[in-house]
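Please look over the structure shown here before reading on.

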Amino acid sequence: MEYHYDTLETRSADERAAALAQDLPRQVAAAQGLPGYGGRLDEVDAPSVITLQDLAALPVLRKSDLGAAQTARPPFGGLTTLPVSGFAHVFQSPGPIYEPGGVGHDWWRMGRFLHAAGIGKGDIVQNCFGYHLTPAGMIFENGARAVGAAVLPAGTGQTELQVQAARDIGCTAYAGTPDYLKVILDKADEMGMPLGFMRAVVGGGALFPSLRQEYADRGIACLQSYATADLGNIAYESDAKEGMIVDEGVIVEIVTPGTGDPVEPGQVGEVVVTTLNPDYPLIRFATGDLSAVLQGESPCGRTNMRIKGWMGRADQTTKIKGMFVRPEQVAQLVARHSEIRRARVLAQREGEMDVMVVQVEADGGDDIAYQKSVMDVLKLKGRVEVVAPGALPNDGKVIEDQRSYD
């Protein structure tokens with residue numbers, strides 16, 4: 001098996017920029033013609049959107065926007081270029097949110113990840129992702145087909161039967177959540193049935209280092225991907241295990257939570273994704289997940305941008321004194337004062353009362369003006385603390401709830 005999936009993975013920076021200048025205008029133009037965008041892109045000159053900087057000027061599409069569009073134009077919100085009947089599958093995720101699915105070659109782009117994990121012809125993948133309503137099972141099945149592997153569509157549950165099937169069929173690879181593989185392996189030990197898993201591709205939950213090591217001790221190489229039902233594969237690990245490499249079919253930005261503004265390199269922020277899928281052109285779709293760009297290129301030779309992986313959720317909306325404080329309000333506060341670089345709202349308890357502390361990174365400034373802005377924007381009185389630039393933690397949080405609920 002070739003080490004790299006295709007030549008896209010090893011492109012130079014200039015080659016990537018040239019491809020972006022061709023792909024991005026085409027995708028933006030396709031989105032402009034869709035009713036689900038509700039005029040958001042009407043004023044955009046699609047042919048001029050050729051760089052990441054141009055893309056950053058476009059509005060962000062959030063999950064709430066997706067839900068509202070689907071309510072108005074079920075089931076896909078007027079955001080697909082094909083009719084419902086033009087897709088192979090229709091999925092339903094909690095919300096409910098509906099997602100289209102295709103069965104064309106690597107439609108979800110998961111084959112790239114399976115290939116990086118060393119899975120291909122001759123492998124039999126025991127696919128323990130769910131096949132009922134939600135798309136994870138079909139996402140990984142489509143990827144397995146793309147690399148020529150056979151699939152046991154196992155789904156979840158019935159662990160004894162899973163063990164029996166894995167032994168009888170001779171499954172060589174596992175696909176599913178990180179912890180369910182341990183359940184299968186422990187049950188196999190209990191039943192006295194040695195299994196032949198050599199590789200595992202996981203997602204949908206955290207792969208803790210201790211669990212990865214346990215699999216390695218059993219002779220199973222385990223790698224993880226970052227994917228969503230709306231976007232398919234976003235980023236994936238290679239055998240280098242240094243961050244997650246962004247997939248070739250998406251464009252990833254890291255922005256300040258509650259805004260569409262890119263953060264400084266290395267800063268933690270919200271993951272915003274533009275997909276190059278012509279059937280479902282999501283432009284600047286906010287995932288609600290936090291991550292950060294990892295500088296440099298992967299030692300495995302793949303040259304695309306890397307991210308640090310999942311680092312929490314960006315939706316930090318918190319109720320203080322009976323009022324919701326939202327990340328976008330914190331962004332508005334920062335925008336009011338040019339000398340403020342970043343801000344962080346702390347929700348605390350003093351006695352039996354809520355207290356709000358607003359920390360701002362600034363070189364001096366007018367405390368009275370800051371207090372007024374806090375009241376105007378956040379609609380609550382709070383204590384303002386001015387801290388030195390760089391003093392706030394680089395964890396993507398703009399609202400931190402420090403109250404104990406024990």
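## Cavities

The largest cavity is lined by Pro100, Trp107, Trp108, Arg109, Ala229, Asp230, Leu231, Gly232, Thr275, Asn277 and Tyr280, and its volume is about 70 Å³. This is a predicted model, in which local features need pLDDT of at least 70 and side-chain atom pairs count only at pLDDT 80 or more, while totals for chains, interfaces and linings use all residues. Residues are numbered from 1 along each chain as its sequence is written, and side-chain values use heavy atoms, with hydrogens and water left out. A cavity is defined on a 1 Å grid over the protein atoms alone as a set of points where a 1.4 Å probe fits but cannot get out, and lining residues have an atom within 4 Å of a point. Grid points are joined across faces, edges and corners, and a volume is the space filled by probe spheres set on the points.

By class, the lining of the largest cavity divides into 6 nonpolar, 3 polar and 2 charged residues; here Ala, Val, Leu, Ile, Met, Phe, Trp, Tyr, Cys and Pro count as nonpolar, Asp, Glu, Lys and Arg as charged, and the others, Gly among them, as polar. A search of the whole structure finds 2 cavities of 30 Å³ or more. The second largest cavity, with a volume of about 30 Å³, is lined by Tyr37, Arg40, Leu41, Pro59, Val60, Leu61 and Ile283, a lining with 6 nonpolar, no polar and 1 charged residues.

## Pockets

A pocket, in contrast to a cavity, is an open set of points with protein on both sides within 12 Å along at least five of seven lines. The largest pocket holds about 1200 Å³ of space, and among the 50 residues that line this pocket, Leu52, Val250, Ile251, Val252 and Asn304 lie nearest its centre. At least two lining residues are supplied by each of α1 (13-32), α2 (52-55), β10 (250-255) and β13 (293-294), where helices (H or I, at least four residues) and strands (E, at least two) are DSSP runs numbered from the N terminus. The largest share, 7 residues, comes from α1, and the lining of the largest pocket is made up of 24 nonpolar, 12 polar and 14 charged residues.

The second largest pocket has a volume of about 940 Å³. Its lining has 39 residues, and those closest to its centre are Gly204, Gly205, Tyr226, Ala227 and Thr228. Two or more lining residues come from each of β2, α5 (136-146), β7 (221-228) and β12 (285-291), with β7 giving the largest share, 5 residues. By class, this second lining has 19 nonpolar, 13 polar and 7 charged residues.

The buried residues of α5 include Glu141, Asn142 and Gly143, and the helix is followed by Gly148, whose phi is positive, near 85°.

Asp106 lies in the loop between β2 (97-101) and α4 (111-116) and is buried, with a relative accessible area of 11%. Although Asp106 and Asn142 are 36 residues apart along the chain, their C-alpha atoms are separated by 6.0 Å. Beyond its neighbours within four places in sequence, Asp106 is in contact (heavy atoms within 4.5 Å) with Tyr5, Gly111, Arg112, Asn142, Gly143 and Ala146.

## Glu253 in strand β10

Where in the structure is the place of Glu253? Glu253 is in strand β10, and this residue is buried, with a relative accessible area of 6%. Its side chain is joined to that of Arg284 by a polar contact of 2.9 Å. A polar contact is a pair of N or O atoms within 3.5 Å; within protein, one must be able to donate a hydrogen and the other to accept it, and residues adjacent in sequence count only if both atoms are side-chain atoms. Leaving aside its neighbours within four places in sequence, Glu253 is in contact with residues including Leu52, Leu55, Ala56 and Pro262.

## Domains

The protein is divided into domain 1 (13-313) and domain 2 (318-401), with bounds that come from an automatic or database domain assignment. The centres of the two domains, taken over C-alpha atoms, are separated by 34 Å, and 7 residues of domain 1 are in contact with 7 residues of domain 2.

Methods: Buried < 20%, exposed > 50% of the residue type's maximum accessible area, 1.4 Å probe, protein only.
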